[in-house]
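Please keep the sequence and the structure in view while reading.

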Amino acid sequence: MEVGDLSIETVIFDFGNVIAHFDYRIAANRLGEPLGLSGERLMERATSLGFRNLLMDFESGRVGPDAFVAELKVRLGLPQSPSQITADWADIFTANEPVHALAHELGDSGVKLVLGSNTNAIHASHFVRQFDSLLSRFESLVFSHEVGAMKPADAFYRRCVEVSGSPAARCVFIDDMLENVEGAKAAGLQALHFDNAVKLKADLLALGLPLNRPKV
Ligand SMILES: [Mg+2]
């Protein structure tokens, strides 16, 4: 390595809407069904009952999974068992396949892969199993509820850099949310705003990452 070499060693992927799409309406439809409520109505009710703050507490690790489910049950008057609520809440993800292909290609070339996700204990344990064929090859999975800080907080990115073993400047953070991209840059990482896999591939190639160039 030359002095001042800023070539990328580690690629850090956001999860939601990068590795996988998610849709809270799927969970809301299931949870609302025994109450005779549409998913949309259930989500309105949840919002009016301060659900957003509860979710932030859950994803920052201030509230654990059992307490979160108990709160959901009580606040929304859900008749389902806690384990059913957990299952209904968890299963909302579908793979973003072209991004999986890119991540596999990077991994095959010896690039270190790290996941950096604002998430919670229920979703993380679900999607780690669902996407095991990809995530098991990641060096490390960094979850906000375990770090105790959410993107775009500096502490979150510092944990990602620490587990990567690379200098911050040789990590690139990929996220679909602009504020998280800005947060990564402020923490000294390189960063890419994710829109789609074609653009991501072009952006990674421009940073010198070892991917096959698209055939023209
Ligand atoms: Mg995201």
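The report treats the sheet, the metal site, the aromatic pairs and several single residues in turn.

**The sheet**

The model is a predicted one. Its open sheet has five strands in the order β5-β4-β1-β6-β7, and their pairing is parallel. In general, the strands of a sheet pair through backbone hydrogen bonds, either parallel or antiparallel. Which strands stand at the edges? They are β5 and β7; each has a single partner strand, so one side of each is left without a neighbour in the sheet. From one strand to the next, the twist averages 20°.

Two of the pairings can be followed in detail. Strand β1 is joined to β4 (residues 112–117) by four bridges, and the two run parallel. Within this pairing, I12 has V114 in β4 as its bridge partner. Strands β6 and β7 (residues 190–193) also pair in the parallel sense over four bridges. Here D175 stands opposite H193 in β7. Helix α12 (residues 197–206) lies across β1, β6 and β7, and it runs at about 155° to β7.

**The magnesium site**

Which residues coordinate the magnesium ion? The donors are D14 (OD), G16 (O) and D176 (OD), at 2.1 to 2.2 Å. Along the sequence, these donor residues follow the spacing D-x1-G-x159-D.

D14 has a relative accessible area of 5% and is buried. D176 has a relative accessibility of 21% and counts as partly exposed, because buried means under 20%.

The loop between β1 and β2 also holds N17. The phi angle of N17 is near 70°, a positive value in a residue other than glycine. With 27% relative accessibility, N17 counts as partly exposed.

**Aromatic pairs**

The structure holds 14 aromatic pairs. Two of them are set out below.

| Pair | Distance between ring centres | Angle between planes | Arrangement |
|---|---|---|---|
| F13 and F138 | 6.0 Å | 50° | tilted |
| F51 and F68 | 6.3 Å | 55° | tilted |

Why do these pairs count as tilted? Planes under 30 degrees apart count as stacked and those over 60 as edge-to-face, so the rest are tilted.

F13 lies in strand β1 and F138 in the loop between α8 (132–135) and β5 (140–143), so this pair ties together parts that are 125 residues apart in sequence. F13 is buried, at 0% relative accessibility, and F138 is buried as well, at 8%.

The pair of F51 and F68 joins two helices. F51 lies in α3 (residues 51–59) and F68 in α4 (residues 65–76), so the parts tied together are 17 residues apart in sequence. Both F51 and F68 are buried. Ring pairs also link F51 and F68 with F22, Y24, F58 and W89 into a cluster.

W89 is one of the buried residues of α5, which are I85, D88, W89 and A90. The cover over these buried residues includes α1 (24–32), α3, α4, β3 (93–95) and α7 (121–130).

**Further single residues**

H145 is found in helix α9 (residues 144–147). Is H145 buried or exposed? At 17% relative accessibility, H145 counts as buried. Leaving aside residues up to four places away in sequence, H145 touches F58, E59, S60, G61, T119, N120, A121 and A124.

Two prolines complete the account. P152 lies in the loop between α9 and α10 (154–164). The peptide bond from K151 to P152 is cis, with omega near 5°. P79 lies in the loop between α4 and α5 (82–90). Apart from residues up to four places away in sequence, P79 touches P34, L35 and K73. The C-alpha atoms of P79 and F13 are separated by 37 Å, and the two residues are 66 residues apart along the chain.

Note on methods:
Residues are numbered from 1 along each chain as its sequence is written. This is a predicted model: local features need pLDDT of at least 70, side-chain atom pairs count only at pLDDT 80 or more; totals for chains, interfaces and linings use all residues. Side-chain values use heavy atoms; hydrogens and water are left out. Donors are N, O and S atoms within 2.8 Å of the metal (3.2 Å for Na, K and Ca); water is not among the atoms, so sites may look incomplete. Buried means under 20% relative accessible area, exposed over 50%, partly exposed in between (1.4 Å probe, protein chains only). Two strands pair if DSSP finds at least two bridges between them. Rings of Phe, Tyr and Trp (its six-membered ring) pair if their centres lie within 6.5 Å; planes under 30 degrees apart count as stacked, over 60 as edge-to-face and the rest as tilted. Axes are lines fitted to C-alpha atoms, for helices over the stretch in contact, and angles run from 0 to 180 degrees between N-to-C directions. Contact means heavy atoms within 4.5 Å.
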